[in-house]
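Here is a short tour of the contacts between and within the chains shown below. Keep the structure open as you read, and look up each residue as it comes along.

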Number of protein chains: 2
Amino acid sequence: MKKTIITISRQFGSGGRSVGRAIAEKLGIPFYDKELVEQIALESGFAPNFVEEHGEHSPGKSILSYAFNSTGVPGVMNGLSTADFLWSIQCSAIMQVAEKGPCVIVGRNADYILKDREDVLHIFIHADMDYRADRIVRLYGESEKSPTSRLQEKDKRRSVNYQHYTGRTWGTAENYDICINTAVIGIEEAANIVVDVVNRSK
Amino acid sequence: MKKTIITISRQFGSGGRSVGRAIAEKLGIPFYDKELVEQIALESGFAPNFVEEHGEHSPGKSILSYAFNSTGVPGVMNGLSTADFLWSIQCSAIMQVAEKGPCVIVGRNADYILKDREDVLHIFIHADMDYRADRIVRLYGESEKSPTSRLQEKDKRRSVNYQHYTGRTWGTAENYDICINTAVIGIEEAANIVVDVVNRSK
């Protein structure tokens, strides 16, 4: 079936967002990342930076603490915990944008949420630790923690969130149609691979 | 760096061997699979079908039983167990063929054995269970066991062997440069992706 929607899951620092943006530009289709976060935020009543921070992270103590202590948003809505409420809003938003037509969606477990649509191509972007460490320092600057610690912490949080909501193991090749190591293949070439597959799909 | 050697790791029934053969034909370079097994067998003194059967399987009871009871080959050679001796011969054979120049090597944990060569592109081919079950029945016929059981058993044995000799988890995207789901992408298109990347690498 013709693939018109592309989900990009990615390790932090791998350049997955850049790959997604390049694919969207080359195909001339919408790109959802921060835009999607803003839409989710508007629908949920959460602050955009709260959604961005917690939308892919583990549904643990920190989210509940945040909800109870900082936002004033109650921890339970419609019988759901804060994290589960956020998840349900994310699912709904991602299914809505997929219904609108061709697009690229980065992160937010969109691979799982859209797993039953045959017009979707699921991509995973990863890279070696050294490449990612170098990249996050260039993009986001230094911090108190070492780049490796920051990456391990992000990887862990995304992994726990993914496992919790999908029952799948984060980073397993079987979850995706194509996985690409940007440290070896490069960001531009990764985008080219996906664009060629989309253009040749029938 | 220009990629001239391609390793193909694959789930049983995914068509990884066909992808590898198509890549080798398109690039006009040697293809090592059964040929490699024969070379290993010649060097080790094992029967070719023994090497083919056990070269990617767990180093457990069955191999030792086979060695002690059926082949007449002693279980310990040069201080190594039968399985470890076979592994050392495989490593040596794979490093030798890589030294010869551009080629495609299927299976035998070549991804790990050649992990330090920068001129190597590591590919993992996988596919959904239904696709693989249908494919092995078409290719190899029915057997007493269900196709799903046969696949699960093969997956398990390859996984245990890979974990034992590489310390890595089988099927994790991070172990490879590109992973492709042939059930979605197709065998021919999977080969095209790899050929394009090789041809564009510098």
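Predicted model: local features only at pLDDT ≥ 70, side-chain atom pairs only at ≥ 80, totals over all residues.

## Where the two chains meet

The size of an interface is often given as the accessible area lost when the parts come together. Here chain A and chain B bury about 1,800 Å² between them, and 52% of it is on carbon and sulfur atoms. A:Glu174, A:Asp177 and A:Arg200 supply 24% of the area that chain A buries against chain B, which is more than any other three residues.

A:Cys103 counts as buried, at 1% relative accessibility. A:Cys179 is in no disulfide either, and the nearest cysteine sulfur, that of B:Cys179, is 4.4 Å away. A disulfide would need the two sulfur atoms within 2.5 Å. A:Cys179 is buried too, with a relative accessible area of 0%.

## Salt bridges within the chains

Side chains of opposite charge can pair when their charged atoms come close. Over all chains, the structure holds 24 salt bridges. One of them joins the side chains of A:Glu99 and A:Arg117, at 2.8 Å from N to O. A:Glu99 lies in helix α5 of chain A and A:Arg117 in the loop between α6 (110-113) and β6, so this pair ties together parts that are 18 residues apart in sequence. A:Glu99 counts as exposed, at 61% relative accessibility, while A:Arg117 is partly exposed, at 24%. Also in chain A, a network of salt bridges links A:Arg17, A:Asp33 and A:Arg108.

In chain B, B:Arg168 forms a salt bridge with B:Asp111, and their closest N and O atoms are 3.5 Å apart. This pair links distant parts of the chain, 57 residues apart: B:Arg168 is in the loop between α8 (147-166) and β7 (178-181), and B:Asp111 is in helix α6 (residues 110-113). B:Asp111 is buried, with a relative accessible area of 1%. Another salt bridge brings together the side chains of B:Arg138 and B:Asp134, at 3.3 Å from N to O. These two are separated by about one helical turn, because they are four residues apart in helix α7 (residues 129-140) of chain B. B:Arg138 is exposed, with a relative accessible area of 59%, and B:Asp134 is partly exposed, with 45%.

## A buried glutamine

Is A:Gln90 buried or exposed? At 1% relative accessibility, A:Gln90 counts as buried. You will find A:Gln90 in helix α5 (residues 82-100) of chain A. The C-alpha atom of A:Gln90 is separated by 19 Å from that of A:Gln11, and the two residues are 79 residues apart along the chain.

Key:
Residues numbered from 1 in each chain as written. Chains lettered and ligands numbered in written order. Heavy atoms only, no water. Buried < 20%, exposed > 50% of the residue type's maximum accessible area, 1.4 Å probe, protein only. Buried area = accessible area lost by both parts, 1.4 Å probe. Salt bridge = Lys/Arg side-chain N within 4 Å of Asp/Glu carboxyl O.
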